[in-house]
There are 4 protein chains.
Amino acid sequence: MTDLQAIVDDIHATLSTRRGEGRVADYISQLAHVDPKKFGMAVATVDGGMHLAGDAEEPFSIQSISKVFTLTLALGKYGEAIWKRVGREPSGSAFNSIVQLEHEGGIPRNPFINAGAIAITDLVLAGHTPKEAIGEIVRFVRYLADEDDIVVDQAVARSEQATGFRNVALANFMRSFGRLDHPAELVLGVYFHQCALAMSCRQLARAGLFLANSGTNPLIGHRVVSHMRARRINALMLTCGHYDGSGEFAYRVGLPGKSGVGGGILAVAPGKASVAVWSPGLNENGNSLLGSLALEMLAARTGWSVFGA
Amino acid sequence: MTDLQAIVDDIHATLSTRRGEGRVADYISQLAHVDPKKFGMAVATVDGGMHLAGDAEEPFSIQSISKVFTLTLALGKYGEAIWKRVGREPSGSAFNSIVQLEHEGGIPRNPFINAGAIAITDLVLAGHTPKEAIGEIVRFVRYLADEDDIVVDQAVARSEQATGFRNVALANFMRSFGRLDHPAELVLGVYFHQCALAMSCRQLARAGLFLANSGTNPLIGHRVVSHMRARRINALMLTCGHYDGSGEFAYRVGLPGKSGVGGGILAVAPGKASVAVWSPGLNENGNSLLGSLALEMLAARTGWSVFGA
Amino acid sequence: MTDLQAIVDDIHATLSTRRGEGRVADYISQLAHVDPKKFGMAVATVDGGMHLAGDAEEPFSIQSISKVFTLTLALGKYGEAIWKRVGREPSGSAFNSIVQLEHEGGIPRNPFINAGAIAITDLVLAGHTPKEAIGEIVRFVRYLADEDDIVVDQAVARSEQATGFRNVALANFMRSFGRLDHPAELVLGVYFHQCALAMSCRQLARAGLFLANSGTNPLIGHRVVSHMRARRINALMLTCGHYDGSGEFAYRVGLPGKSGVGGGILAVAPGKASVAVWSPGLNENGNSLLGSLALEMLAARTGWSVFGA
Amino acid sequence: MTDLQAIVDDIHATLSTRRGEGRVADYISQLAHVDPKKFGMAVATVDGGMHLAGDAEEPFSIQSISKVFTLTLALGKYGEAIWKRVGREPSGSAFNSIVQLEHEGGIPRNPFINAGAIAITDLVLAGHTPKEAIGEIVRFVRYLADEDDIVVDQAVARSEQATGFRNVALANFMRSFGRLDHPAELVLGVYFHQCALAMSCRQLARAGLFLANSGTNPLIGHRVVSHMRARRINALMLTCGHYDGSGEFAYRVGLPGKSGVGGGILAVAPGKASVAVWSPGLNENGNSLLGSLALEMLAARTGWSVFGA
């Protein structure tokens, strides 16, 4: 599939002149140390192709992209029962807003805002120590990516734990409504570690491939989730994956996607490919600036938008 | 395509036992007079097929579904400049919420909530009398559906004008921020008439076909909008088409859609078909109860979800 | 009581150098025409004294100060039953906020924000034509001030009617919740006229004297309201009289007061005096800049603060 | 002053039949153990009188009433500079609302809602260990009441620390905006202890006497604060002392007051008296049900309302 490689190369080359644009997240001090000129792309197709460009092999902090994996894990454990704990509507708010929580009795709008992801992590923690839960999440992501060397960046995890006051507030707020089963500090211990997972674009694209292939990892043949569940996770990514920039992403890119404040975005082209991009500079919505543009160009050139050719 | 007809018939038959469920909208008095047992379906495929079931030929009040058509009209006239007047993010709120307007300087979140549609109608009104603008909208919908007998139900329009206090509030609120170019009563005069358009499922499915076919009506060959614009309208329908039930619709049905309080829903399966359903009883989100279920079943059986087979 | 006259003169002289500071309200076009250098003060004591300074005899648009008079009128007609229609808590919001209305089912927080005053006017209108209701309000204010030449400034009333979109929004919003008995345009017709009442500081101070004297006008001996009701109106003025600047006014001045966007403030020193000040330039909270300072100085020098000597 | 004692006795006797009404706070488990039939009153007059009734000598948890004392302490240390950290407007919200904080950059509306009191405690903590700060607060309250046996109820403090998730959320939320100088857990350590101060009605009435006497404790002659500051603290108590029931309290009682969830209320009649009441059952606003009624009756019979005789 040389055409696709050419497209990826061309997009990377075109946007490379703009490397360094956007603002690197600095509220987690470790993230502020990343080289703002990094820019990687990886496209994993359902037929086994892998197309890389730039810094596609370099691990970065996946941050909120991890929410897709813990949601998948929680759905596997508890099925649709998780929706008692978290909604599935776009929030219309920033990733860390607490207003909606107060108005809606401590139930987060969706699993992709911070509060919602913390609620999901609370479910994953059930019956485990935090250390075990972190281990389970790491193993699950390794299984999805079929790679054994994916690890948590402990310096990032510590950095988040030291300054994640807003997340502490969100967790305690939910706890005050009786919406967490475990002490906030335990849930957040796991949450900060899952966010600190370090993965390369290549690994991330492989880990998301099951969502592009009706729930089954086409490389290793494992059924991760059912057809319907894969579709539904994709739907959530499309409506809620970019906080209050979700509508914009759907409008411009037209693919289910989930961004992280580390500058990564995972996007899914159902039936076609799983795509990961990484560039640390963020746009005004807190999503990777070059990454969003790269995905917009890729969707335009491949016709992969879910909204029509 | 006998299979598709069989699917449509079966869905209609299955759900017919539940006709009358849900709550018929009564805040517009004329709508309260509709027979709650009505239930129609129409599936227009891009290759020219038309599959009907039940009351598919009976006109009903399309209400907010009209917002798709006026958005298309305004995009044709002003292009992307319309986004200075209205956003494109899900609101996370009810169709008629005014809170977000106050917080965001009178700019509605998207063109599918009432405030946003009123802002779009204000654009359509430019250079026209209200009567002319209504005429233009009616002609545009007739052109899309390729049917000359689509009309405004004047009794419904009058009924809305008599009791649409919330919409009067929204329009005057935007006007107080300088966000409407015309007097609120003129804009609302047009708005209430566009909402009062009466169309059958068959007509509605035909009128939406250009969105399923990359912007071109496949029956008559007219290019209504460009490829990109068709995709983008679909994206807006998916993220914003059902107010604070948009995430739920994406999760369950997985198709771009726009509902109306009259009990109709227009859904688009890109590359496949345009679908219209009608049943007056509404669910708790204000969307047609049977209509939503019918679309969920249709998407499941056809594999038309945009989020994967 | 020469001392008091000296205090009033001195305050007026001291602040006169700052005449013209602040921003004259311009959202009602007629108000923007007022000379920003105007500055009047009037102190009417319960023992019959009247102390004037500056432009104390010149009528100005009392605007929201009228809300005190219509509240008193409505309490006289309906008693405590009015509290089914309006609350009595500070709103914590701007004078024209609509957010609280949506969250609380269309019931305004208190009778001194615009929405609350419109709800009160709706009550005053009961059984009347708008013209009659306006007549009743004018007669009531004349009775309070014991002056026959108080009139509505028709140019101001027309100006408000032409541009008061926010008030139209508020009224229709309440109407959509079924919280107004009369059509919004009739209620607003009365409301805009009551706001357009033109009174001098002297007239205003006299009209407010019953509130300083336990409900009885000490000049003419008329009992306007009971002891308890006078106290309660004063309480409302103190907690809610200056919108989201009410706490600040209580903190600095320490007297029940009600401001108007025309630059007037009526303040009450229970047992002592009724005070009216006027200077068109407004501070950031929309209250008269010099007027607030004058009252702060007056309260400090007289020891009239209700919160202690 | 036998009359006043007779009034106090009569009010206590009249309301005693209703002891047990209202809902005892249970979110702090220790508070739930209090006998709901307790009912005490203490009126300390500026001329040295003390009038007790019922359980006036029994210590109870003063909870939020402590906010008056820490505000006074912080004003003494930092003067008006504290207003950079906290506003002085009524919030229009519940005691523990977080919504306003998000909208206003982490600055609490006033020092009497929880977030504001936590911000004040953060100031009191400066230069101290938590233990020292608690010691300073206890000493200050002992000095105000001129009693050495006032202590913190350690069981209540522990109980709050174990379950005060909402306060943990508020503190961390402010910290995320950079509005706290110290770690949230240290500030809350002090805050939970100040709330757990146990005082009798008699002690509390004595401790509040300086506010009734222009800043000077009339019993021991100590000037606690200046005239102006005493007035201003009273103003804040009147506009903000009862959360979203502040308007109601001003309307019914007409005295500056501060309630606590333990069922106590401290009220100030400037120039007259300091009043403390205690009854654990709370009304729908979270203020003592019998206590509010007792104060309403007392103000009516004594004519002490600040809003007129």
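In domain 1 and domain 2 of chain A, salt bridges (a side-chain nitrogen of Lys or Arg within 4 Å of a carboxyl oxygen of Asp or Glu) number five between the two parts. A:Arg202 forms a salt bridge with A:Glu147, with the closest N and O atoms 2.4 Å apart. The model is predicted, so local features need pLDDT of at least 70 and side-chain atom pairs count only at pLDDT 80 or more, while totals for chains, interfaces and linings use all residues. Residues are numbered from 1 along each chain as its sequence is written, chains are lettered from A and ligands numbered from 1 in the order in which they are written, and side-chain values use heavy atoms, with hydrogens and water left out.

Chain A is assigned domain 1 (2–60 + 199–302) and domain 2 (64–197); the bounds come from an automatic or database domain assignment. Over C-alpha atoms, their centres lie 21 Å apart. Contact (heavy atoms within 4.5 Å) involves 35 residues of domain 1 of chain A and 39 residues of domain 2 of chain A. Buried area (accessible area, 1.4 Å probe, that two parts lose on being put together, summed over both) is about 3000 Å² between these domains, and carbon and sulfur atoms give 67% of it. On the domain 1 side, A:Arg229, A:Leu236 and A:Tyr243 lose the most area, together 20% of what that side buries.

Helix 11 of chain A gives the most residues to the domain 1 side that touches domain 2, namely seven. Helices (H or I, at least four residues) and strands (E, at least two) are DSSP runs, numbered from the N terminus.

Between chain D and chain C, the contact takes 34 residues from each of the two chains. The two chains bury about 2900 Å², 54% of it on carbon and sulfur atoms. D:Arg231, D:Tyr251 and D:Phe307 supply 28% of the area that chain D buries against chain C, more than any other three residues. Four salt bridges are counted between chain D and chain C. In one salt bridge, the side chains of D:Arg232 and C:Glu296 meet at 3.9 Å, N to O.

On the side of chain D that touches chain C, helix 11 (227–240) and helix 12 (246–252) of chain D each give two or more residues. Helix 11 of chain D contributes the largest share, eight residues.
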